[in-house]
Amino acid sequence: MKHVLLKTDGLSKSFSSGGALQHVLKNIDLELYEGDFTVIMGASGAGKSTLLYALSGMDTPTLGIITFGGTVISSLNQDSLALFRRKHCGFVFQQIYLIDGMSVMDNVLSAGLLLCSDKKALLEKAGKLFEAVKLPPETQNKFPTQISGGEAQRAGIVRALINQPEILFADEPTGALNSKTGLDVLGTLTAFNQQGQSVVMVTHDMRSALRGNRILYLKDGVILGECHLGVYTPDDTARHETLAAFLSEMGW
Amino acid sequence: MKTRMVIAVLLLLFAAETAVLFFFAAGDTEDTQDAVLVNEILQTLQEDWPDLKHHRNPSGLDYVVLDLDGAVLFKTRESLSESINSAVRHRDTILDIRPRGTTSGRLILHNTSAQSLQSKKQTCILLLMGVLLLQCGICIWYLLYLNRRIIAPFHQLKEFSKRIASGNLDIPLEMDRHNLFGAFTESFDIMRSELKKARQAEAKANASKKELVAELSHDIKTPVASIKAASEVGAALSGNEKLKDNYSQIIRKADQINTLIENLFTAALKDLTQLSVIPGDMDSRELKTLLENSDYLHWAELPPVPDCLLYADKLRLQQVLDNIFANAYKYAAPPILLSASLEDWCLSLVIEDMGTGVSPEELPHIKEKFKRGSNAQKVEGAGLGLYISNYFMQEMAGTLSLANGENGLKAVVRIALSGRI
Amino acid sequence: MKNSILLARSNLRTAKGQAAAIIVLILLASLMLNLWLMLSMDYRQNFDRYHDKLNAEHVTLTVDSGSSEMREFLAKTLKKDERTAAYSLEDSMHTVGLFTYNGGEVNSEFVFLEKEAALSRPVGTVEIVEDSRIQSGIYMPMLYQSDDIAIGKTVELSLGSKKISYQVCGFFNSVMAGSHNCTMCEFLLTEDQYEKLKASDYAPESTLCSVRLKDKMESENYEAKLKNTMSAQYPALRTVSNSYALVSQSRYISQLICAGIMSAMAFFILLIALVVIASNIVHYIQENMKNLGALKAVGYTSQQLVLSLLMQFLGVSLTAALAGIGISYTLFPSLNEMMIAQTGIPYETRFLPAAFFLTLAILGSAVALAVWLSSRSIRNVEPITALRQGVRTHSFKRNHIPLGKTNMPLHLALSMKTTFSGIKHNLTVCITMLVLSLVVVFSGLMTENMIRDTAPFINLIVGETADSCINVKAQAEQDFVRKMKDDDQVKKLYLYDSIEVRHAGGLGLMAMICDDFAKANNQELVFEGRFPKYDNEIAIAAKYAKEQKLHIGEEITITANGKKASYLISGFTQISNNLGKDCLLTRAGYERLGELQNPSYYLNLTSGTDIDEFNARVKQEMAGAVNTTINIDATVSGGVVVYVSLMKIIVIGVLMLSAIIIAFVLYLLVRTMLGSKKRDYGILKAIGFTTRQLILQTALSFMPAVTLSTAVGLTVCSFIINPLTALFLSSIGIVKSTFLVPVGFIIIAGIGLILFAFATACLLSLKIRKITPKALLAGE
């Protein structure tokens, strides 16, 4: 039995748009396990990103409870949520969202220094992570506008992991990238997952979804089904077929 | 920006040079003697006159005091003019000393204009030298700077355009942040990336066109195949060629008509669809308002409703509750027991009144059309309420069940949870 | 044109806060500007109007004799001079006296006139402004109307050594002799009281002579000539005189100061408003690059776009300016009241078209220039590049503070990054803070030198002060000096007298005579060169020297008592008392021209001595030898109290204004910053920064510019404030100001300014609370 990291009970999220209430997530009961590479799939508008942001404490749910460890995070205020995020969550965004005014290294350090005041240890850690994502040192001192999207996204992963979060949340990390750089980023995520990093990734791209070992299919704010895959190995045709079958069953 | 600064500095230096020269040329007027200081010397000398032993120089000026015979009475230092003649030659100032109104001696004030001119000259030359050196330095530095920042990058640009010409679009143009024409080189790089994008887009468009054609052909194949199969069967059953054709056509038309009639038929069967039920997502917190609306006599105490998202049509659910509460008001006395709990797929709402309930024989039929309980004879009603309520609940993917509870009739309304149907 | 109006309207709608800030700044600027223009354009003219209304004289002379022989001579002299237009001679009584006013003493040459006679004079008439039915008593100059001096109350005048009390019947106004600033001060007595005073020997009989000239510019020369003629003919008679030039200047000193401060503030605020407008436009162009490109693409020309901005800002500014002018008219009466307390000349508030249009023109052209200069970059916007999304110009940024290397705490380092990235913001902050530092230093200077310790100000305005001044008869002088030297209560005693002399080929000068200037209390009096030391030396007023192109080391000829002597100029003085027409002579130096008649001695008393008691004692002990005694301390503080209260108001106002301005500028900057960094704040919040940390960062990012410019500003201003003050006061004869710069106050005020800026920035950036990481998603 895997250790449960994050648990939701009757999670619902509603937005009011133009006066009408829109229910994006509906009574979702979900458990996320440690070490998993969980992939949340679904058509656009299915509520994937909303679910991700609710799970990660970026947004508070309308109804329901989210528990992380022993803490209920769904009822925390904004500042406590910020503290929660900095400690337990890492984020990789589709738009990458590095701060343009800071060099790549500073982007990473600005997150890292929030928790760790030992600059030397932090630099060492950052160095290792940069090495792991294959970003050469000269890139580290460039500004986000001066590097390619793939490089920026890998820097984003470094920033997300610098505080050794329990969960890494990735919102379509390859969405803004071309296929080759996208593969690099996916490879990085897979590698970290295989070292034990729990990852939750939202995607609507099957190639990305293949990386996960647990696929959740979200439709109209409801988890329609889930599919378990084994450990990822490249060019695993059986895995591909299983996933394809699951997705076609879900109406993908 | 930098160019402007260099020009500004050079202009500034030029202005400084001009100022120095101008100062030297125009400012070289004769320097005046400090008359007040001289007056002080003269006055103190007159005070001290008979005996100059105690005389102290009250100023920083050099002077010699002679008596009327030309003998030196006082001097501030050596090598000053000590006679009227040498004083005249040196352009020194000669004043009469008149204690008590009679001329008793002469004061020779040393002329220092030659020295001051000399020192002025020296300062000017030094200043000019400094400024010129600075100018030279700036010019040399700027030349080096231009070489590094303009000539060298142009060489780089040459290599870049060679690569582009050979069709290699992957290598971006390295840009130096100090580059003077960053925006210019940037546009080259934009050109490269746009070219690359255009090529990729072209390839992609070609691929998707092919896919569409393949899919369509597959889709069209299937109905064509079935038409073909049907006509083959018709042909097998009949020997007449013409009849064969007509026969197959007639069967196809009949099938179409059959489908249409079937559709019509199913639509007609559902005579109740005019009471449309459009369930949607509803926050469980809204249930409270619905219950309050129905229980206008306040017979029941509102229970806590667990937070969840319900799948219901608010209007119809209100009607269902209205109906149940109205029945309770009609057939029972207060209070009404109300409770809500979350079940696996639904929120169940239990509403129990304090009436007599329904007899066990009637219970299974109570939800049927036009059925009324035996105790309802004296009360007005058509006997449609529970039937319609039941229909509503079913349409909302929920249930309505009725049973005799401990106190009276117990209605259980199960409202489906959104996403759990 | 129509298109431009549409554009301007849409711009305004999207930037309401911006418009509000500019409106307030322009409002303040126009308010001050208009007040300044009203004060400087019309107040002096008002004096002339009033002067003409009362057919007032240009030269006033009081001679202590009522003899008809003297009057005939005087009349003959006046008739002989072709510059005379009209004159009037009146019976009067004249003596040196004092009375209590506003807690201090007013000490002046009192001239008593009979009420009806004064009202019927053809030249130099007086106007009763407040009357009552009291039949017997005194009419006081309107200037002295106060709580203690009011109709029905009793006022006590000290005339020489005698005291006399009158009931106040009313108040009158006299242009040339209605204030202690005019050298002489008239009082009107009812007939019975006049006769009573005449019967007593309190005040000698005298003749008041008022002369109206054909050309008022001649007043000073005419006065000097008349006085010389009189003193040559009657050397024994005491005469007092004034001239139009002196009075018109001295009655308007405070108005001048006030107007000066007003103008300085107006231009400071205008400068800040312009900086704000310019930075807003630059920001607007940055933000709306795409919109501008789109507009250009659909056919708007650069001129139209610039015009729309111009209309927008000009419209807002001119509307605000109109409102500001309106407010200035509502504020003017209270300012006017304050001014009238100083000038004693009533002023009717009226609409001044010249000031009105000038204010509008100044503001309009300044704003137009600022807009035009800062919106030039619109011309460089090219539709295609601006519209193309995603093409961001590569900014070759330098990493000013690499987080990996700096030793700064994280939040400080991050805010420094922000600081370095916003040079324009820093510039705005710097200019604002530099201007405000000047304001702070000015307030500090005024607080220290005028409010906390009035001595430096008094020294500057009055020249020499001591505790007591005793005027003795010439023959008793030796005796007096000997006695005073033995007195325990006397700390220092020196001769300090003033006598009018004449610069040959120039004007009449008031000569301050001292036996040894090394003894004088105010050693700052001579600010260039040195005090005269020998009998052939003289120090003259710098203002006069400048007018006459005299330099230190040159010789001038002075005439008095019909004698002539040359003096070497040893230094320049600055005293505003005689409006820059005075000189210093040693006693030996003066004695080359004539003997001192009744010498005045200045005395410094030991601390704790009651000056009035001391004066009374000396007078009693040396009865017959002493002419008058003056409590200088009380006299001076009575005159200074109005300046002090005026300055208090100015200092408080100025400090409040600075606070408002900082708040405004920071508000604008924070707003712009939050707008442009919304995305960054969202990201930072997502990775775990709390609102408080971000607020702190934002506020801190302004601090380097604030701190640096405040420090530099305060330091520089501390050095230039004295020359500036001198420039400011140059019209009253001040050439060099040696006010003490209160370092402590300025440091504390500077720290306060910085802390205030920090607190304001924190408060204003509370808006960060509303930025959520979720907004990142919404913005997708």
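A: Leu307(C) is buried, because 22 other C-beta atoms lie within 10 Å. Buried here means 20 or more other C-beta atoms within 10 Å of a residue's own, while 12 or fewer make a residue exposed and anything in between is partly exposed; the C-beta atoms are placed from the backbone. Keep in mind that this is a predicted model, in which local features need pLDDT of at least 70 and side-chain atom pairs count only at pLDDT 80 or more, while totals for chains, interfaces and linings use all residues. As for the labels, residues are numbered from 1 along each chain as its sequence is written, and chains are lettered from A and ligands numbered from 1 in the order in which they are written.

Leu307(C) sits in helix α10 of chain C, residues 302–343. Helices (H or I, at least four residues) and strands (E, at least two) are DSSP runs, numbered from the N terminus. If you follow the chain 61 residues along from Leu307(C), you get to Ala368(C), and the two C-alpha atoms are 9.9 Å apart.

Zoom out to the whole of chain C and you find 24 helices and 20 strands. Of its 780 residues, 47% are buried. Among the chain C contacts with a separation of 6 or more, 83% link residues 24 or more positions apart; a contact means that two C-beta atoms, placed from the backbone, lie within 7 Å.

Chain C also touches chain A, with 26 residues from chain C and 29 residues from chain A taking part. On the chain C side, the elements giving two or more residues are α13 (410–421), α21 (678–686), α22 (691–728) and α24 (774–778). That side splits into 11 nonpolar, 8 polar and 7 charged residues. For the sorting, Ala, Val, Leu, Ile, Met, Phe, Trp, Tyr, Cys and Pro are nonpolar, Asp, Glu, Lys and Arg are charged, and the others, Gly among them, are polar.

Over in chain A, there's an open sheet of 6 strands with mixed pairing, in the order β6-β7-β8-β3-β9-β10. β6 (89–92) and β10 (222–228) of chain A are the edges with a single partner strand each, so one side of each has no neighbour in the sheet. The twist from one strand to the next averages 20 degrees. Two strands count as paired if DSSP finds at least two bridges between them. β3 (residues 37–41) and β9 (residues 214–219) of chain A run parallel and are joined by 4 bridges. Across that pairing, Met41(A) faces Tyr217(A) in β9(A).

Helix α1 (residues 48–55) of chain A packs on this sheet, touching β3, β7 (167–171), β8 (198–202) and β9 of chain A, and its direction makes about 150 degrees with that of β8(A). Helix α9 (residues 237–250) of chain A lies across β9 and β10 of chain A, at about 160 degrees to β10(A). These angles run from 0 to 180 degrees between N-to-C directions, using axes that are lines fitted to C-alpha atoms, for helices over the stretch in contact.

Chain A has a contact with chain B too, made by 9 residues from chain B and 11 residues from chain A. The chain B side of it holds 3 nonpolar, 2 polar and 4 charged residues.

That brings us to chain B, with 9 helices and 10 strands and 17% of its 421 residues buried. In helix α9 of chain B (residues 385–395), the buried residues are Leu386(B), Ser389(B), Phe392(B) and Met393(B). They are on the same side of α9(B) because they cover an arc of only 120 degrees around the axis, the arc being that of the directions from the helix axis to the C-beta atoms. They pack against α8 (314–331), β9 (399–404) and β10 (409–416) of chain B. Just past α9(B), Ala397(B) has a positive phi of about 65 degrees.

α8(B) has buried residues of its own, including Arg316(B), Leu317(B), Val320(B) and Phe325(B). Their cover includes α7 (286–294), β6 (309–312), β8 (346–352), α9, β9 and β10 of chain B.
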